Amino acid sequence: MAARAGVKVQGAVPRKSGTNWFIPAFVKSRLGESGKRLEEATIEFTENAYSPSMVTVKAGSHVKLNLINNKGQGCIQAFRIPSLGVQKIVRVGTTESLEFDAPQEKGGITFMCSMGMYQGTINVI
């Protein structure tokens with residue numbers, strides 16, 4: 001999916017710095033066993049980034065992040081969401097899942113590595 005210059009595509013992240021190409025942040029949405037909306041997304045760990053670096057979820061939903069570490073070594077393996085007090089270590093070549101309830105308030109939640117070098121955002125709408 002391409003975007004024209006100056007056009008912001010919600011739920012998509014730049015594929016390459018300085019370009020207008022985007023990779024959509026696909027989020028599956030369904031009702032969970034508790035009757036609460038379940039939002040599910042996958043974040044891959046690369047050598048130098050989380051991809052996608054932006055995920056959009058509904059306020060108050062139950063969120064499941066599937067974390068896949070293909071090539072990320074060093075601090076990127078320690079996936080953290082500081083404002084929610086959660087962390088998951090995902091070693092190279094492994095997959096882990098992380099679940100939490102999105103806040104009722106709309107806004108951005110930052111996720112990052114243990115050192116804050118690699119970051120992304122969960123947009124709560």
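**An all-strand predicted model and its core**

The protein's secondary structure comes to zero helices and twelve strands, where helices (H or I, at least four residues) and strands (E, at least two) are DSSP runs numbered from the N terminus. Read from that end, the elements go β-β-β-β-β-β-β-β-β-β-β-β. This is a predicted model, in which local features need pLDDT of at least 70 and side-chain atom pairs count only at pLDDT 80 or more, while totals for chains, interfaces and linings use all residues. Residues are numbered from 1 along each chain as its sequence is written, and side-chain values use heavy atoms, with hydrogens and water left out.

Confidence comes next. Mean pLDDT (the predictor's confidence in each residue, from 0 to 100) is 82 for the protein, with 72% of the residues reaching 70 or more. Strand β8 has the highest confidence, at 98, and strand β2 (residues 22–24) the lowest, at a mean of 42. Residues 1–24 have pLDDT below 50, and beyond near neighbours in sequence this stretch has 33 contacts in the model, a contact being heavy atoms within 4.5 Å. Where pLDDT is low, the predicted coordinates should not be read in detail.

On the whole-protein level, 36% of the 125 residues count as buried; buried means under 20% relative accessible area, exposed over 50%, and partly exposed in between (1.4 Å probe, protein chains only). The accessible surface comes to about 7,400 Å², and carbon and sulfur atoms hold 48% of that (Shrake-Rupley method with a 1.4 Å probe; for residues, only the protein chains shown count as cover). Of the contacts with a separation of 6 or more, 52% are between residues 24 or more positions apart.

The largest nonpolar core has 24 residues, and I43, Y50, L65, L67, F79, I81 and I122 have the most contacts inside it. Such a core is a set of buried Ala, Val, Leu, Ile, Met, Phe, Trp, Tyr and Cys residues joined through side-chain atoms within 4.5 Å. At least two of its residues come from each of β4 (37–45), β6 (54–57), β7 (62–69), β8 (78–81), β10 (95–101), β11 (107–112) and β12 (119–124). Neighbours within four places in sequence aside, I81 touches L65, V86, L98, F100, I109, T110, F111 and I122.

Rings of Phe, Tyr and Trp (its six-membered ring) pair if their centres lie within 6.5 Å, with planes under 30 degrees apart counted as stacked, over 60 as edge-to-face and the rest as tilted. By this rule there are five aromatic pairs. F45 and Y50 make an edge-to-face pair, because their ring centres are 4.9 Å apart and their planes sit at 80°. F45 also pairs with F79, this time stacked, at 6.0 Å centre to centre and 25° between the planes. That pair links distant parts of the chain, with F45 in strand β4 and F79 in strand β8, 34 residues apart. Both ends are buried: F45 is at 0% relative accessibility, and F79 is at 0% too. Ring pairs join F45, Y50, F79 and F111 into a cluster.

E39, in strand β4, counts as buried at 4% relative accessibility. S61, in the loop between β6 and β7, is also buried, at 1%. Leaving aside neighbours within four places in sequence, S61 is in contact with R37, E39, F100, D101 and A102. A polar atom of the S61 side chain lies 2.7 Å from the backbone oxygen of K58. Finally, a cis peptide bond joins S51 and P52, with omega about 0°; P52 is in the loop between β5 (50–51) and β6.

Methods: Polar contact = N/O pair within 3.5 Å; in protein donor to acceptor, adjacent residues only side chain to side chain.
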